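Visitor: I am new to this structure. Please show it to me, and then let me ask about it.
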Amino acid sequence: MRDVGVSLSGPVAELVKWRREPVVAQTLRSSAAATIAYVVALRLSSEPAPLTAPLTALLVVQVTLYSTLTTSIRRVNAVVTGVLVASAFSVLVGLTWWSLGLIILASLVVGRVVRVSEFVPEVAISAMLVLGVPRVASTAWDRVLETLIGAVVGLLFNLLLAPPVWVATAGESVDGLARRMRQLLLRIGEGLTEPIPVERAASRLHEARRLDHDIGEVDAALRQAEDSVRLNPRVKEGLLHRVVLRTGLDTLEICTVVLRVLARTLTDLAKEREREALFPPEVGAALRELLAEVADAVVSFAVMVTTDVTRSAETAEARLAEDLETARTSRARLAELLLAEVRDDPGQWQLHGALLAELDRILDELDLEHRSRRLMEELDRASREERERHPRLTAARHWVRRKSGLRRR
């Protein structure tokens, strides 16, 4: 009986895991919204197959509530604009090859003017579909009606069933970037006490440059997470989530740039010392130890940034402080060893100084005081921009908070 229970727990646990995945939730929501929009359009529209309604609902029910609102407005605007252009052309000319070219040109130009963003082709599509039927007025009204049905169903679907929050997914992306940086730092620290071929050092430099692509992917995931917490009733501190993750990614991006320069410095040093060890044994061991400690600090920083629970965040902050303190101690020891080596062989003192400066920059970016100061500055700036952008909404929030405070008193 125990074996049966264990065998059943695996699929059940996997099913629960998949149900909590944002991608799965979004797929189910989009399918349900499109189906409901089609059923409603069948009852209200005179078209036998009103597929515009489910298409609109499918496009409107985006991954976030914020993008759903903006997308629905732009799409309805695009369809109505296309219908108006087609109605104007139907009064003047019929459907010919030259009138088709004119209506496409006019629709694309008008779509740019009314600022429907990515739905500019939708203006031309709506105009062509309406102009190509014998009953222009009836078809135009049906297309507008179906678009409105799809947009309304998509909006109501997101208001009643809040879309998933992508903060955890963005946090995983940030954590993955930090761990890739850690692996690169550890690989850079390998073989420092032996001759390193220039090709091997250059490969580390190319790997550091490829981190720019990873930054772009994490930035896209972070933008999705930022949209998911806007206007989302499931998130109480949306601004804090956005600023914490965004400033964390900014710090890692700066560290990535410095890491690329660090790899370039070691590549240049390898060119200067092709047939001899890159560093003496004691210096190489100290540098390898410092790189490993900096790598651990980078991961601890990512864990602190992506942790929500207060107690876990305090633990992560304490771990980062410990890693930074250890790294600074090792850095001071490495500086003394490099200074002694420069006195014996002053040929590469520039590269040695650059090496220490780059490690200092990474440690400074990960510093807790620097992090707290940057976080407060970004919170103040974001709050100020939000108040300036939506003054009435800010005033309403203050009024609600003041009333609730009076009631509690």
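Predicted model: local features only at pLDDT ≥ 70, side-chain atom pairs only at ≥ 80, totals over all residues.

Visitor: How many salt bridges does a search of the whole structure find?
Guide: Side chains of opposite charge can pair when their charged atoms come close. The search covers the whole structure, and its count of salt bridges is twelve.

Visitor: Which residue does aspartate 175 meet in a salt bridge?
Guide: Aspartate 175 lies in helix 8 (residues 167-188). The N to O distance is 2.8 Å, and the partner is arginine 179.

Visitor: Is aspartate 175 buried or exposed?
Guide: Buried means under 20% relative accessible area. Aspartate 175 has 19%, so it counts as buried.

Visitor: How many residues apart in sequence are the parts that arginine 246 and aspartate 219 tie together?
Guide: These two side chains meet in a salt bridge, 2.6 Å from N to O. Arginine 246 lies in helix 10 (residues 238-272), and aspartate 219 lies in helix 9 (residues 198-229). So the pair ties together parts whose separation in sequence is 27 residues.

Visitor: Which residue forms a salt bridge with arginine 374?
Guide: Arginine 374 lies in helix 14 (residues 368-389), and its partner lies in helix 10. So the pair ties together parts 124 residues apart in sequence. The closest N and O atoms are 3.0 Å apart, and the partner is aspartate 250.

Visitor: What is the accessible area of the nonpolar patch that includes Leu160?
Guide: Leucine 160 is in helix 7 (residues 136-160). Leucine 160 counts as exposed, at 72% relative accessibility. Val152, Leu156, Leu159, Leu160 and Leu161 form the patch, and together their accessible area is about 510 Å².

Notes
Residues numbered from 1 in each chain as written. Heavy atoms only, no water. Patch = residues over 30% accessible without salt bridge, like charges linked within 9 Å, V, L, I, M, F, W, Y side chains within 5 Å. Areas by Shrake-Rupley, 256 points an atom, 1.4 Å probe, with all protein chains shown as cover. Salt bridge = Lys/Arg side-chain N within 4 Å of Asp/Glu carboxyl O. Helix = DSSP H or I, 4+ residues; strand = E, 2+ residues; numbered from the N terminus. Buried < 20%, exposed > 50% of the residue type's maximum accessible area, 1.4 Å probe, protein only.
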